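Please examine the sequence and the structure shown below. The explanation that follows treats the strands and then the salt bridges.

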Amino acid sequence: MEHVERRVSWRGMDPESGEDLWAVAHIGACWAADCAWEYKPPSSLRNDNWLARCLFSRKEALRRAAVAVNQITLNGRTFARWNKHYTARFAG
């Protein structure tokens, strides 16, 4: 199910707090704080507003990735629906 896979990837350190920052990414987009996919601009075009919306602590990024996995459909099904489909299909 790589088409619905979400990647939590390290994006550097917060210069103020020194904490690692993580993004939930998928095919050129990042999961933003408002629970919507947002275009991921090149590094040179990312402003403070974008960074605040799209970068999180590792724990928060993992939590958001678990939510984001069911926000994209593949052939009309979410990841949860595909899992249910395959479980029913191959259970017997």
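The paragraphs below lead through the model step by step.

This is a predicted model, in which local features need pLDDT of at least 70 and side-chain atom pairs count only at pLDDT 80 or more, while totals for chains, interfaces and linings use all residues. Residues are numbered from 1 along each chain as its sequence is written, and side-chain values use heavy atoms, with hydrogens and water left out.

Strands (E, at least two residues) and helices (H or I, at least four) are DSSP runs, numbered from the N terminus. Two strands pair if DSSP finds at least two bridges between them. Strand β1 (residues 7–13) runs antiparallel to β2, and six bridges join them. W10 of this pairing faces W22 in β2. Six residues lie between the two strands of this hairpin, and G18 in the turn has a positive phi of about 80 degrees.

Strand β2 (residues 20–26) has six of its seven residues buried, where buried means under 20% relative accessible area, exposed over 50%, and partly exposed in between (1.4 Å probe, protein chains only). Two bridges connect β2 to the antiparallel strand β3 (residues 29–31), and A25 stands opposite C30 in β3.

A salt bridge places a side-chain nitrogen of Lys or Arg within 4 Å of a carboxyl oxygen of Asp or Glu; by this rule there are three. In helix α2 (residues 58–68), E60 and R63 are three residues apart, and their closest N and O atoms are 2.6 Å apart. E60 also forms a salt bridge with R64 (2.8 Å, N to O).
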